[in-house]
Amino acid sequence: MLKLNIYDHKRVVKTYTADTYEIPFGLVEDVADLIKIDELKDMNDTELFKLICKIVINMMPTVREMMHDIFEGITDEELRKTTVPEIATVIMEVFAYTITVIKRGGGSSEKN
(Lines give C-alpha, C1' and ligand atoms only; values in the text may rest on other atoms or scores of the structure.)
Protein backbone atom coordinates (compact mmCIF):
# COMPACT_ATOMS: atom_id res chain seq x y z
CA MET A 1 0.00 0.00 0.00
CA LEU A 2 1.38 3.39 -1.02
CA LYS A 3 0.66 6.26 1.35
CA LEU A 4 1.29 10.00 1.25
CA ASN A 5 0.42 12.38 4.10
CA ILE A 6 -0.57 16.02 3.65
CA TYR A 7 0.43 18.31 6.51
CA ASP A 8 -0.61 21.56 8.09
CA HIS A 9 2.10 22.69 10.49
CA LYS A 10 3.37 19.15 11.22
CA ARG A 11 -0.16 17.83 11.71
CA VAL A 12 -1.46 15.27 9.21
CA VAL A 13 -4.64 16.69 7.69
CA LYS A 14 -5.15 14.19 4.89
CA THR A 15 -3.72 10.89 3.72
CA TYR A 16 -3.78 9.55 0.18
CA THR A 17 -3.37 5.83 -0.48
CA ALA A 18 -2.98 3.62 -3.55
CA ASP A 19 -2.61 -0.12 -3.93
CA THR A 20 0.08 -0.25 -6.63
CA TYR A 21 1.60 1.74 -9.44
CA GLU A 22 3.40 0.58 -12.55
CA ILE A 23 6.25 2.78 -13.72
CA PRO A 24 5.97 3.98 -17.33
CA PHE A 25 9.03 3.14 -19.44
CA GLY A 26 9.62 6.83 -20.20
CA LEU A 27 10.09 7.51 -16.48
CA VAL A 28 12.65 4.70 -16.28
CA GLU A 29 14.56 6.38 -19.13
CA ASP A 30 14.47 9.75 -17.34
CA VAL A 31 15.72 8.24 -14.08
CA ALA A 32 18.44 6.28 -15.88
CA ASP A 33 19.86 9.59 -17.10
CA LEU A 34 20.41 10.64 -13.46
CA ILE A 35 21.95 7.48 -12.03
CA LYS A 36 24.59 4.89 -12.76
CA ILE A 37 22.62 1.64 -12.81
CA ASP A 38 25.65 -0.56 -12.04
CA GLU A 39 26.20 1.32 -8.74
CA LEU A 40 22.68 0.47 -7.49
CA LYS A 41 23.56 -3.12 -6.63
CA ASP A 42 26.17 -1.97 -4.09
CA MET A 43 23.92 0.60 -2.35
CA ASN A 44 22.48 0.06 1.09
CA ASP A 45 18.98 1.33 1.93
CA THR A 46 20.27 4.67 3.27
CA GLU A 47 22.30 5.36 0.13
CA LEU A 48 19.38 4.34 -2.06
CA PHE A 49 17.04 6.62 -0.10
CA LYS A 50 19.46 9.56 -0.58
CA LEU A 51 19.58 8.80 -4.31
CA ILE A 52 15.78 8.77 -4.51
CA CYS A 53 15.70 12.16 -2.71
CA LYS A 54 18.13 13.49 -5.33
CA ILE A 55 15.91 12.15 -8.10
CA VAL A 56 12.84 13.79 -6.52
CA ILE A 57 14.58 17.16 -6.33
CA ASN A 58 16.07 17.00 -9.85
CA MET A 59 12.89 15.77 -11.52
CA MET A 60 10.20 17.88 -9.83
CA PRO A 61 7.79 18.12 -12.81
CA THR A 62 8.05 14.37 -13.51
CA VAL A 63 7.67 13.47 -9.84
CA ARG A 64 4.66 15.79 -9.53
CA GLU A 65 3.04 14.10 -12.54
CA MET A 66 3.80 10.68 -11.06
CA MET A 67 2.23 11.63 -7.70
CA HIS A 68 -0.90 12.84 -9.54
CA ASP A 69 -1.01 9.52 -11.38
CA ILE A 70 -0.52 7.43 -8.22
CA PHE A 71 -2.78 9.38 -5.86
CA GLU A 72 -6.00 10.17 -7.68
CA GLY A 73 -7.33 13.62 -6.81
CA ILE A 74 -4.21 15.02 -5.15
CA THR A 75 -3.66 18.70 -5.96
CA ASP A 76 -0.45 20.65 -6.54
CA GLU A 77 -1.19 22.61 -3.36
CA GLU A 78 -1.44 19.37 -1.37
CA LEU A 79 1.84 18.15 -2.85
CA ARG A 80 3.45 21.34 -1.54
CA LYS A 81 2.31 20.29 1.94
CA THR A 82 3.97 16.88 2.04
CA THR A 83 7.61 16.02 2.64
CA VAL A 84 10.42 15.00 0.30
CA PRO A 85 11.23 11.94 2.44
CA GLU A 86 7.61 10.74 2.15
CA ILE A 87 7.61 11.23 -1.60
CA ALA A 88 10.99 9.46 -1.79
CA THR A 89 9.55 6.56 0.20
CA VAL A 90 6.63 6.26 -2.23
CA ILE A 91 9.04 6.24 -5.17
CA MET A 92 11.25 3.63 -3.47
CA GLU A 93 8.21 1.41 -2.87
CA VAL A 94 7.09 1.82 -6.49
CA PHE A 95 10.55 0.85 -7.78
CA ALA A 96 10.71 -2.11 -5.36
CA TYR A 97 7.30 -3.30 -6.58
CA THR A 98 8.40 -2.92 -10.21
CA ILE A 99 11.59 -4.90 -9.60
CA THR A 100 9.55 -7.66 -7.90
CA VAL A 101 7.19 -7.88 -10.88
CA ILE A 102 10.14 -8.02 -13.29
CA LYS A 103 11.83 -10.76 -11.22
CA ARG A 104 8.61 -12.80 -11.33
CA GLY A 105 8.88 -12.61 -15.09
CA GLY A 106 5.61 -10.88 -15.72
CA GLY A 107 3.73 -7.70 -15.71
CA SER A 108 0.28 -6.59 -14.83
CA SER A 109 -2.31 -5.58 -17.32
CA GLU A 110 -3.98 -3.57 -14.56
CA LYS A 111 -2.94 0.01 -13.85
CA ASN A 112 -4.07 1.82 -10.70
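Contact here means heavy atoms within 4.5 Å. The model is predicted. By that cut-off, T62 touches L27 and D30, not counting residues up to four places away in sequence. The protein chain has six helices and two strands. Of its 112 residues, 30% count as buried.

**Overall layout**

- From the N terminus on, the elements run β-β-α-α-α-α-α-α.
- Among contacts with a separation of 6 or more, 65% come from residues 24 or more positions apart.

**T62 on helix α4**

- T62 is found in helix α4.
- T62 counts as partly exposed because its relative accessibility is 25%, and that class lies between the 20% and 50% limits.
- D30 sits 32 residues from T62 along the chain, yet their C-alpha atoms are separated by 8.8 Å.
- D30 is also one of the residues that T62 touches.

**The nonpolar core**

- The largest nonpolar core holds 26 residues, and M67, I70 and F71 touch the most other members.
- Both strands contribute: β1 (2-8) and β2 (11-18) are among the elements that give two or more residues to this core.
- The helices that give two or more residues are α3 (45-58), α4 and α6.
- In soluble globular proteins, nonpolar side chains tend to be buried together.
- M67 is in contact with L4, I74, L79, I87, V90 and I91, leaving aside its neighbours within four places in sequence.

**The second largest pocket**

- The second largest pocket has a volume of about 220 Å³.
- The elements that give two or more residues to its lining are α4 (60-70), α5 (76-79) and α6 (84-104).
- Helix α4 supplies the largest share of that lining, four residues.
- M60, V63, R64 and M67 are among the lining residues.
- By class, the lining has seven nonpolar, two polar and three charged residues.

**E78 on helix α5**

- The place of E78 is in helix α5.
- E78 counts as buried because its relative accessible area is 14%, and the cut-off for buried is under 20%.
- The side chain of E78 makes a polar contact of 3.2 Å with the side chain of K14.
- That side chain of E78 also reaches the backbone nitrogen of T75 at 2.9 Å.
- Beyond its neighbours within four places in sequence, E78 is in contact with I6, K14, Y16 and G73.

**N5 on strand β1**

- The place of N5 is in strand β1.
- N5 counts as buried because its relative accessibility is 10%, and the cut-off is again under 20%.
- A polar contact of 2.7 Å joins the side chains of N5 and T15.
- Setting aside neighbours within four places in sequence, N5 is in contact with V12, K14, T15, K81, T82 and E86.
- K14 is in contact with N5, and K14 is also in contact with E78.

Key: Residues are numbered from 1 along each chain as its sequence is written. This is a predicted model: local features need pLDDT of at least 70, side-chain atom pairs count only at pLDDT 80 or more; totals for chains, interfaces and linings use all residues. Side-chain values use heavy atoms; hydrogens and water are left out. On a 1 Å grid over the protein atoms alone, a cavity is a set of points where a 1.4 Å probe fits but cannot get out, and a pocket is an open set with protein on both sides within 12 Å along at least five of seven lines; lining residues have an atom within 4 Å of a point. Grid points are joined across faces, edges and corners, and a volume is the space filled by probe spheres set on the points. Ala, Val, Leu, Ile, Met, Phe, Trp, Tyr, Cys and Pro count as nonpolar, Asp, Glu, Lys and Arg as charged, and the others, Gly among them, as polar. A nonpolar core is a set of buried Ala, Val, Leu, Ile, Met, Phe, Trp, Tyr and Cys residues joined through side-chain atoms within 4.5 Å. Buried means under 20% relative accessible area, exposed over 50%, partly exposed in between (1.4 Å probe, protein chains only). A polar contact is a pair of N or O atoms within 3.5 Å; within protein, one must be able to donate a hydrogen and the other to accept it, and residues adjacent in sequence count only if both atoms are side-chain atoms.
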